[in-house]
Amino acid sequence: MRIIRTSFTALLAAGALAAGLTGCASGTTSPAASSGAAGSPAQSGTLTVYAAASLKDTFMKIASKFEAAHPGTTVTLNFAGSSDLVTQITQGAPADVFASADTQNMAKLSDADLIDGEPSNFATNVLEIAVPPSNPASITSFADLANPGIKVVVCAPQVPCGSATETVEKATGTTLTPVSEESSVTDVLGKVTSGEADAGLVYVTDVKTAGDKVKGIPFEESDQAVNTYPIATVADSANKELAQDFITMVTGSEGRKVLSDAGFGTP
């Protein structure tokens, strides 16, 4: 399994070259294991998966299982904010599978005829407040994030976690004044773990993954903004059978267990 960690600007600059090399991409071969998903013959090749940043830990685990079930297959993972991934795919970046943290960003690709078939919803997520372990600002509620002097970090509005934050603000009549708006939920979490923020609005799953690096503060208003995660094959995929096999694993029992263990809900 190979993980892409690249900036949006760098990816666009390399877009044309990457498109030409997609068919030649290679990587280490996983050890042989069981046959393909859902009893189908094992497919092999290189699969490029673009996934929302909040899916990083779960999709790394699922990708490892997938490679084991498909000897000779390499899964390349690109994690970023869903809106950034949509822009990358729209600009021609090569991808086989797209997993979004909301239905709105998936709809942008569907409306542009860049998705093959109907997306499948596979998980849900809700917001939670992340604070440093000592909770220096004594945050106990969503309303506390609007108190004077509180350094709160949120996702940018175009990112699913940012859109969810705005929904909760409107539902509660609370107006936040963030010190920064980040392009992905993992960047928000990073601001909290580094001590640059008193609090950040991330997903329940991000708090769980962070372990003792942060303290999670649930708030009842989070149910006003439940994010549904869809997954689909990209229309220009050069390996649609393999892409469908990956989607089958994500939406099947193996994928559901990995996602459930991480704190994701079912759609």
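The link between C155 and C161 is left-handed, with -90° about the S-S bond. The two sulfur atoms sit 1.7 Å apart, which makes the pair a disulfide (cysteine sulfur atoms within 2.5 Å). Keep in mind that this is a predicted model: local features need pLDDT of at least 70, side-chain atom pairs count only at pLDDT 80 or more, and totals for chains, interfaces and linings use all residues. Residues are numbered from 1 along each chain as its sequence is written, and side-chain values use heavy atoms, with hydrogens and water left out.

**The disulfide**
- The count comes to one disulfide.
- C155 is buried at 2% relative accessible area, and C161 is buried at 1% (buried means under 20%, with a 1.4 Å probe and protein chains only).

**The nonpolar core**
- The largest nonpolar core has 64 residues, and L55, F59, F122 and F246 touch the most other members (a core is a set of buried Ala, Val, Leu, Ile, Met, Phe, Trp, Tyr and Cys residues joined through side-chain atoms within 4.5 Å).
- Helix α9, residues 240–251, gives the most to this core, with six residues (helices are DSSP runs of H or I, at least four residues, numbered from the N terminus).
- Apart from this core lies another of 14 residues, including V86 and I115.

**Helices α3 and α9**
- Helix α3, residues 56–69, packs against α9 at about 125°, axes 10 Å apart (axes are lines fitted to C-alpha atoms over the stretch in contact, and angles run from 0 to 180 degrees between N-to-C directions).
- Among the residues that meet are F59 and F66 in α3 and F246 and M249 in α9 (contact means heavy atoms within 4.5 Å).

Methods: Buried < 20%, exposed > 50% of the residue type's maximum accessible area, 1.4 Å probe, protein only. Helix = DSSP H or I, 4+ residues; strand = E, 2+ residues; numbered from the N terminus.
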